[in-house]
Amino acid sequence: MNLKNYKPLLPLLALAGLAYVVHKAAFYVLNIDDAPFYYSIETLYLLFLGLSIMVFVVLLKVKERSFDNVGMSFLLSTSIKMIVCYLILKPILQVTIQNNAIEKKNFFMMFILFLAIETILTIRILNEKQ
């Protein structure tokens, strides 16, 4: 296993770490208690980071074998990720407590954040050929 091939994962890790720090700071400043949440912020970040790493590793493997299929692989892996995220979100949607709206927004913002990071990094992979 050549670690040089996985160097593009470093921006993913750095951006996820930065986002986590900003997220925790925002919750602290706004005095939002995440204790009653179904999933803690740390759990969600680890989950989304793990899913994003899996998507990105798949893209890097596809890039090695057939560069022309990277875009389609991104669409397929993102679709699978969306299904997994819906299954994770389902318990949050079924809970009826007052802070549930904040928890739903929190989940969707994190999903969008990691999707944007994955998209930007995939664009960087696709632009390498040019």
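From the N terminus on, the elements of this protein run α-α-α-α. The model is a predicted one, and its secondary structure amounts to four helices and zero strands. Along the principal axes, the C-alpha trace spans about 50 × 30 × 25 Å. Among contacts between residues at least 6 apart in sequence, 77% join residues at least 24 apart.

**Annotated spans**

The unreviewed UniProt entry places the feature "transmembrane region" at residues 43-62, 74-95 and 107-126. In the model, residues 43-62 are 100% helix and 0% strand, with the end C-alpha atoms 29 Å apart. For residues 74-95 the share of helix is 95% and that of strand 0%, and the end C-alpha atoms lie 32 Å apart.

**Surface and charge**

The accessible surface comes to about 8,200 Å², and carbon and sulfur atoms account for 69% of that area. Of the 130 residues, 35% count as buried. The protein carries 12 positive and 8 negative side chains, and the centres of these two sets lie 7 Å apart.

**Salt bridges**

Side chains of opposite charge can pair when their charged atoms come close.

| Pair | N to O distance |
|---|---|
| Lys-24 and Asp-34 | 3.8 Å |
| Lys-24 and Glu-42 | 3.2 Å |
| Lys-81 and Glu-118 | 2.5 Å |

The salt bridge of Asp-34 with Lys-24 has an N to O distance of 3.8 Å. Asp-34 lies in the loop between helix 1 (9-29) and helix 2 (41-65), whereas Lys-24 belongs to helix 1, so this pair ties together parts that are ten residues apart in sequence. With a relative accessible area of 18%, Asp-34 is buried, because the cut-off for that class is under 20%. Lys-24 is partly exposed, its relative accessible area being 29%.

Lys-24 also forms a salt bridge with Glu-42, in which the closest N and O atoms are 3.2 Å apart. Here Lys-24 lies in helix 1 and Glu-42 in helix 2, so the pair ties together parts that are 18 residues apart in sequence. Glu-42 counts as partly exposed, at 31% relative accessibility.

The remaining pair to describe is Lys-81 with Glu-118, whose closest N and O atoms are 2.5 Å apart. Lys-81 lies in helix 3 (residues 70-94) and Glu-118 in helix 4 (residues 100-127); the pair therefore ties together parts that are 37 residues apart in sequence. Lys-81 is buried, with a relative accessible area of 3%. Glu-118 likewise counts as buried, at 1% relative accessibility.

Salt bridges that share partners join Lys-24, Asp-34 and Glu-42 into one network.

Methods: Residues numbered from 1 in each chain as written. Predicted model: local features only at pLDDT ≥ 70, side-chain atom pairs only at ≥ 80, totals over all residues. Heavy atoms only, no water. UniProt positions renumbered as here; feature names shortened; annotations may be inferred. Helix = DSSP H or I, 4+ residues; strand = E, 2+ residues; numbered from the N terminus. Salt bridge = Lys/Arg side-chain N within 4 Å of Asp/Glu carboxyl O. Buried < 20%, exposed > 50% of the residue type's maximum accessible area, 1.4 Å probe, protein only. Contact = heavy atoms within 4.5 Å. Areas by Shrake-Rupley, 256 points an atom, 1.4 Å probe, with all protein chains shown as cover. Lys, Arg positive; Asp, Glu negative; His and termini not counted. Charge placed at Lys NZ, Arg CZ, Asp CG, Glu CD.
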